[in-house]
Amino acid sequence: MSPAGPAWLRLRVLQALWALLVVLLAPWRLWAIKNTQECTWQVVLNNFETVGKKDASDRFVDQEPLYTVDKVFSLLVDAPIDPDETYLGFPYYLKINYSCKGESSEALVRKGHLTGLKPVVLVTFQSPVNFHRWKIEQLQIQMEAAPFRSRERCNAEEVCLMSWYTPMPIKNGSVVMRVDVSSNGLGPFIPNKRFQVNINGFLERQRDNTLQFTVGNELFNLIPRYFVNVPSRPLWYTVDQAPVFILGGIPEEKAILLTDTNFKDFFLVELSIDSCWVGSFYCPQTSFTATIYDAIATESTLFIRQNQLIYYFTGTYTTLHESNRGSGRWVRVLANECIKKLCPVHFHSNGSEYVMALTTGKHEGYVHFGTITDGRVSFELLPRQRSVCNGILVVNCSITWAVFIAGDYNLLLLVEIEDPSTRKYFQVVSYDLVSDYLVVLYTIPEFIPDARGLEFLMVLGTESYTNFPMVPKGMSYNPYNNLLFIWGNFLLQSYNSKNFIYLADFPKELSIKYLVNSFYGDTAIVTETEEIWYLLEGSYQVYKLFPSKGWEVHVSLQVMQQSSLYAPNETMVTLFYEDHRLYQLVYLIDNQQGRLVKRLVPVEQLLMYQQISNDYLLERQGSHLTLSFTNFCPFTVMRLRDLPNPQIYTRQERYRAQPPRVLEPGGFHSDNSLAVYQGLVYYLLWLHSKYDKPYADPVHDPTWRWWKNKKQDQVRGEGGESVGGPSPDPPSPSPCPGTVFAPHPVPQDYYFYLASNWRSAGSVHVDMASYEKIYDLKAENELPERIFLDKGTSYRFSVFLTAREPEPLHGPSFQLQSKVGLAVVLADPECIEAVVKEKVLVNRNSVLFWVTLSDKRFCFDQGISGHHLMKTSMLLKVVGSSGHCFQNTNQGPRMWLCMENSPCHDTIPHSIFASEFFFKVLVSNRGVDKSTYCDYQLTFQLHIHGLPLSARRAFLILMVSASLFVGLVILYVISCLLSPYVVKVCNVLCWKINNIIAWESYIYSIASDTGAFSNTSGIKSGESSGGTSRVVSKVAGENRTDTKETLRKKPIS
């Protein structure tokens, strides 16, 4: 039986180490939160030759499959594959790394690999435009990345440089791919990130393996005059379909900016066009310029306007056209026409894309309506029978702008009419392409209405007007919510193109240059003076983003963080939306060096900063004033709950693939194992594309034979049932296109046995369970991007709102301060209905709303799935939240940034209490309010405490404290373990010391007794010396006699 002492000691040591772990976890958690915002994924393309090379990156040009993969599969002689099948591969890999600010990327990747990190890649294929040729489907594939050593020379035993790789799949009919990279949950925390990986059909590979543009020659010098003080211009493209964006407007140069990554990177290309100008008596062109004014990108074709000439160029996209239909050169179209403007059509319909050209001169009042189908371009002159001027019974008119509403086959035209008897005025004219019918929908007022302090005004014709004339310049239409904007030095909006609302927040002194629509409820406005304004659907307030107080605060914080995306001298090139977020393309000049950067416009933060700067109160507490902010948002928490599983509504089909397992101690893949991964993913998607199936039928699964064979491979019990219980096989699908695994059932455990004993052929183990179709995707905490409602179906979810706590001034009674309400706005209420049920949770100060969205069953005819879909939208709005509620980030709505170079950076406490600071803030109306001669001043104190230490100093304190604590624990453990030996040594030393002391005492006592005896003998020596001598002699004689007798008695041997 073990003694109690060591057990108690072990327990105390574990408790001490657990306490140490708890102490260390909190600082490291804060450290991790700080670093969370600094790390980001990095993704580039690599072909087969550049895999493993440092800093290698390729463009997405090649679209044909590779046959070299099949050679690798021939080596897998004993693997669950079909030896009679020819395996192909995709031409590219995705190379994945991650980096954190201020740290070495190579070391981070190694650390991530050693801690179990594996990136998970989700590739989403965009549906094609031409649904007559390709199937309309929402297809995704999820792949786990495989680690791979770099080919660079390495002196380390295991690895120096490494990356992760996955195949980059291609799907026929899709040239736009969205790549989402996330973590598998192990290793460091890295936020998810999305990348656009698009095929560039305007590049071609030369014989020397270099890439060259087919549209022109690349320019490598970004001259400042191309961008400095050059007006910004709109970015026009077919939404969600254009793989390449182009942007003109470079002064006196026939050059464009071209990108296939949404301006993550870009090229400056000088176009190979003839640049001639055909002038005639009916073309009112007075000057010549090389500038490209209008540029529009579609799925496979680019359009530009130079002077009054139109050109187009069709790229080489074999995945779209199944043949090389690239135009090879710029094609001039409408050569005998005078084109004054190109108007984009943002959405495709009926299997085609569209573009409109507005004419001047002999065909004034007509529109050239262009149709693009499979790269073929054709134009039609509209109206067919007579001009717009004759149709609306006027003599002189000019079309300023055109909008195509695809769902109604209708053209909306903004027409300027010149009447000799009156001033010129504008009308909105509708033209039906089917019936060739022309009608005036709305006459725009001549002057801007007088809103008299209101945010908006319904224009009925009975209101009063100002002296500012209305000058319309363009229109914008959103097919999802049927919202039409007419813009110029004003902003009108309408949901039916007949009844308009004037938005009075936009100043009439400004003039809008172009609108940027996200088509998800957000609209950005750019003025002629390069100001940026913002409008949110469901609100009539127009907010100024730049320049503004919020922008100044944001830029100051970015400069404090030493951001490279801001500079004192900058020029905006364009403004566009990507994934519902607003971005700027800006030309910066910093240290006399110019560069183009893409940066986010944080709309929510700008509005929040602006609200904080406007809505605050000064309250007196004691002898000083305190600053408090008023939050007008009616709720504090908003959550979506009870969301149904998405696939039945989103029609999303997702496959899952994992890399083959490699028999390598470090888990690193080789060229052969990556090639096997390519072949398996290619074959999985090939099975999907060749399998004709109705949607959402699990029997018609292209991987059905895979898991069917797996069931056959299980160990069978009596009666032909599996050991795990009966599991009847579903009926065999018909027809089945093939299988990736062995046609003859072989026990799956056999392949696992080979792999576990390191005997798999080619050092690669293919797991049959790693390639499957997913049917049970769970809902996330947000609504899907789009849902499909069939006849009579419904979609149901709930919204949880927590009301703001009542102010103390309103009494302590618990009640909802202002009852929150949820409004649902439907774009097409004649087709869709919404039902909202409310449940008040008094004890939680919250309200739960159940929302049901249903189809009314009589709006559509029957048709092929995915063809001629009707676009509509639903808007959820919390009453009273517009302009007051902003989405918080994971860092909360506000921060104090005490970064390096700021006054509050690295404040060192001088006692056990945190440092406190008091600032005197002086507010004056000097130079601001000129309505008075008085200089009003207000002084108040700002109390700041709890300022954090710098990360470096906090880490130093942590390490010193941890070292001292660990040292004390180690010292305690050592003392407990060595105490028995120390006690024993001490006892031995004490015993020896006692013996030495006792021996010295004994010697001393003997010496004392001998001295005393000598003194006594000396005193009596004279009296008895003779007697004593006789006695001693007698004793000595007796002793000698006894010794002799003893010697006589001893036997002699």
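## An open four-stranded sheet

Four strands make up an open sheet, ordered E1-E2-E6-E5, with antiparallel pairing. Strands here (E, at least two residues) and helices (H or I, at least four) are DSSP runs numbered from the N terminus, and two strands pair if DSSP finds at least two bridges between them. At the edges stand strand E1 (39-47) and strand E5 (146-149); each has a single partner strand, so one side of each is left without a neighbour in the sheet. From one strand to the next, the twist averages 35°. E1 and strand E2 (residues 92-100) run antiparallel and are joined by nine bridges; Val44, for instance, has Lys95 in E2 as its bridge partner.

Two helices lie across this sheet. Helix H3 (residues 105-114) lies across E2, E5 and strand E6 (162-167), and runs at about 105° to E2. H9 also lies across E2, E5 and E6, running at about 25° to E6. For these angles, axes are lines fitted to C-alpha atoms, for helices over the stretch in contact, and the values run from 0 to 180 degrees between N-to-C directions.

## How the model was read

Please keep in mind that this is a predicted model: local features need pLDDT of at least 70, side-chain atom pairs count only at pLDDT 80 or more, and totals for chains, interfaces and linings use all residues. Residues are numbered from 1 along each chain as its sequence is written, and side-chain values use heavy atoms, with hydrogens and water left out.

The pLDDT, the predictor's confidence in each residue from 0 to 100, has a mean of 81 for the protein chain, and 80% of the residues reach 70 or more. Over residues 1-37 the pLDDT is below 50, and this stretch has 22 contacts (heavy atoms within 4.5 Å) beyond near neighbours in sequence. Residues 1016-1053 also stay under 50, and there the model has zero contacts beyond four places in sequence.

## The nonpolar cores

A nonpolar core is a set of buried Ala, Val, Leu, Ile, Met, Phe, Trp, Tyr and Cys residues joined through side-chain atoms within 4.5 Å. Buried means under 20% relative accessible area (1.4 Å probe, protein chains only). The largest nonpolar core has 105 residues, of which Met168 and Val215 touch the most other members. Helix H9 (residues 671-690) gives this core its largest share, ten residues. Leaving out residues up to four places away in sequence, the contacts of Met168 include Leu45, Phe60, Tyr92, Val179 and Gln678.

Apart from this core lies another, of 59 residues, including Phe303, Tyr431, Val459 and Phe490.

## An enclosed strand

In strand E18 (residues 309-314), six of the six residues are buried, so the strand is largely enclosed by the rest of the structure. In a regular strand the side chains alternate between the two faces of the sheet. Both faces of E18 are covered, with Leu309, Tyr311 and Phe313 buried on one side and Ile310, Tyr312 and Thr314 buried on the other.

## The whole chain

The protein chain holds 13 helices and 55 strands, and 43% of its 1053 residues are buried.

How values were computed:
Buried means under 20% relative accessible area, exposed over 50%, partly exposed in between (1.4 Å probe, protein chains only).
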